[in-house]
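Have the sequence and the model open as you read.

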Amino acid sequence: MTDTRRRVKLYALNADRQWDDRGTGHVSSCYVDRLKGTSLLVRAESDGSLLLESKIQPDTAYQKQQDTLIVWSEGDNFDLALSFQEKAGCDEIWEKICQVQGKDPSVEITQDIVEESEDERFDEMSDSVQPVELPPCEMGRLEDISELVNSCLVSPARKDKLAAALESQHYIKKLLNLFHMCEDIENIEGLHHLYEIFKSIFLLNKNTLFDTMFADDTIFDVVGCLEYDPSLPQPKKHREYLRELAKFREAIPIKNQDLLAKIHQTYRVQYIQDIVLPTPTVFEDNLLSTLSSFIFFNKVEIVKLIEEDDRFLTDLFKLLMDDKTPNPKRRDLVLFLKEFCNFSQNLQPQDKDAFYKTLVSLGILPALEITLGIDDQKTKTASIDILTYIVEFSPSVVRDYTLQQANNTEEEHMLLNIVIEQMLRDRDPELGGAVQLMGVLRILLDPESMLASVNKSEKADFLNFFYKHSIQTLIAPLLQNTTGEKPLREDYHMVQLLGLVLELLSFCVEHHTYHIKTCILNKDLLRRILVLMRSTHTFLVLGALRFMRKITALKDEYYNRYIIKGNLFAPVIDAFLRNNGRYNLLDSAILELFEFIKLEDIKSLCSHVVENYGKILEDVEYVQTFKALKTRYDQHQDKLKERDRVSGSVGVAEAVVPSLLRSRYRREARAPDDEEEMWFNDEDELDDEPPLEPAQPHPLPHPHPHHALDAIGKIVEKKVCTSTESANGPSRVLLNTASPKPAHADVQGLVDYDGDSDEEEEGAGSAGADERDAKRPRLA
């Protein structure tokens, strides 16, 4: 089938009572041998795959709505809907369904059948024979009418008969005439009965009745009936709100009267569902599914009608980006766009994709650059919502636009930096907008959402862009507030903001490798963040600790050497001691950090902690973490001494080769980037190592392991190439084993052992370590 009459969209109702799009295709009806009956088949128009195969059961209730919809249920709580492109196609399939079930195609619903006992089925058969007789629509019979309508709700067949009687006798309009009479004479008892009657009519869940009640000439009277809730001392004023307080603002004049009427109707029906009707009980929840469907398809139709108007959206964006447009007018335009995007959430994926491509081509992203910076809270909030809709559906669209700005836009005018600036400038005490914008940035920076992109280089290009043009804007308040030993500002707004920045940076550490590492090392970012460990706000202290924990979890020796060189465990130990053993989240988080180092056997950090803070932590006895760290450290030293003893006669070069090979295979698969090496090569302590000389007496039996391992560490970090020193010094060739010059002390220091790496031994007990320890601040 390729004709448009049979073109349909398939929908399924999910657990949240929302319609999910299952795809677009063409429907047909034919006999299926496997199902042994005539069935509805829907095949996808894209690839011909089978979207739906549903046997037309003789006892299934099929419902025809709005001339182009067929809705039915399969099994418990599994509702399906076919939305036809043309009325003729809907009529054709409806006739086929009615033919199978032996029904007249003029009916709007075939039947309602539910699982019930044999006695109930007998009652249903009796009820189906006897139509519901409605009392005369008179003021004195309102109580009888209310009891009758309420009694019909317990039986599906009686609900069907009651709906048919209400429709055939035009009973709803008669009831609304009584409503006017009761209001005129202030008959409160009658108005209470009318409330119960119309509440029950809604629970009938019949689309044909909704068409009558939601017409322009009746909807306000229906709302009026629902104002007189008997449980309330005074009636509500819903009609006053809808007529006077809820003002419809036309951002752009709407010339299509059908579109205008549909917008008004959808707003009012949504108001009835959300505000006027009482909250349904657990047993009534499914009874309003038709009302939800009515609103759902109305919204889809509104989006389609607006998209079909060639001039409407063009004029809207032209006005939105005009410098002469006053801010109140611009606010109305943005609010309209927000509602427009909200309605588009009901579209199926391919239609939604076309929808957002249309908005992007019309210039919605440059428009958001303007509206995000406007000093009006409603405009700003609506702009954030629009950006969130776009990013959640297609982050690549925003990334592509951002990359196009790299060479032709100043940094402060780039969309990504505008988003970061607005996040940092949010004046809301609870930072509602900042939290939402942080979520937007997180989606944009998530490498997982970049993997499926058509642009294969999107990940590298966008991350390069972010760390070149935007990271400094993000960390600016963090650097400004951590210039001293304590945070400069401790007001609630600032610490909340820094908490958001830390959360985003922690995400970057976990998901970005080289880029965030370069930023942290070059800007000494971890040291600045650990200043926040002195904050009086515990959640901010925990945020800083979480950031360090993310770094430690990577087990990256670049990070480990950076932590050791900067003595960056000092703020953590200081916070642990100030906590004074109190049993709280901070205490547990710090202990978990050291427990991780012990369990993962990160030797360089283990040695650093024990050598520098062992005496401070040895008195902590309520956990065994630090004693276990000390035991692990001692085991490492014993292994080292044993290997030194066994391999005392091995030359320097013979020890270097296997050590280098083991170190190489223990590293990550990729070789270090040039910039990564450059940062460490620029450091004095790692560049110009003094010649190995006899050290001062040391408790260990061999005095040189630290110097020797430092030398190997530097060699490993160099590319495998030949390097020559200046004319003032001798030549040094990597892995030059042609003329080894073994020295007994050097051999002892160069011995490696299983599970260890060259860098990991930095900071081991030696004269060199003692020299560096003298430079590190010690905790009292």
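Let's settle a word before we go in: buried means under 20% relative accessible area, exposed means over 50%, and partly exposed is in between (1.4 Å probe, protein chains only). Helices (H or I, at least four residues) and strands (E, at least two) are DSSP runs, numbered from the N terminus. The model is predicted, with local features needing pLDDT of at least 70 and side-chain atom pairs counting only at pLDDT 80 or more, while totals for chains, interfaces and linings use all residues. Residues are numbered from 1 along each chain as its sequence is written, and side-chain values use heavy atoms, leaving out hydrogens and water.

Start with helix α21 (residues 471-480), whose buried residues are Ile 471, Thr 473, Leu 474, Ile 475, Pro 477 and Leu 478. Contact here means heavy atoms within 4.5 Å. These buried residues of α21 pack against α18 (415-424), α20 (458-469), α22, α23 (514-523) and α24 (525-530).

Next, the nonpolar cores, that is, sets of buried Ala, Val, Leu, Ile, Met, Phe, Trp, Tyr and Cys residues joined through side-chain atoms within 4.5 Å. The largest has 134 residues, and Leu 505, Ile 520, Leu 526, Phe 569 and Phe 594 touch the most other members. Helix α22 (residues 492-511) gives the most to this core, twelve residues. Apart from this core lies another, of 48 residues, including Leu 162 and Leu 288. Back at Ile 520, if you skip neighbours within four places in sequence, the contacts are Val 509, Leu 525, Leu 526, Phe 547, Ile 551, Tyr 559 and Tyr 562.

Now for strand β6 (residues 69-73), where you'll find Trp 72. Setting aside neighbours within four places in sequence, Trp 72 has contacts that include Leu 40, Tyr 62, Phe 78 and Leu 82. The C-alpha atoms of Trp 72 and Leu 82 are 9.1 Å apart, with the two residues ten places from each other along the chain.

How do some individual side chains score?

| Residue | Relative accessibility | Class |
|---|---|---|
| Trp 72 | 1% | buried |
| Cys 152 | 0% | buried |
| Cys 225 | 0% | buried |
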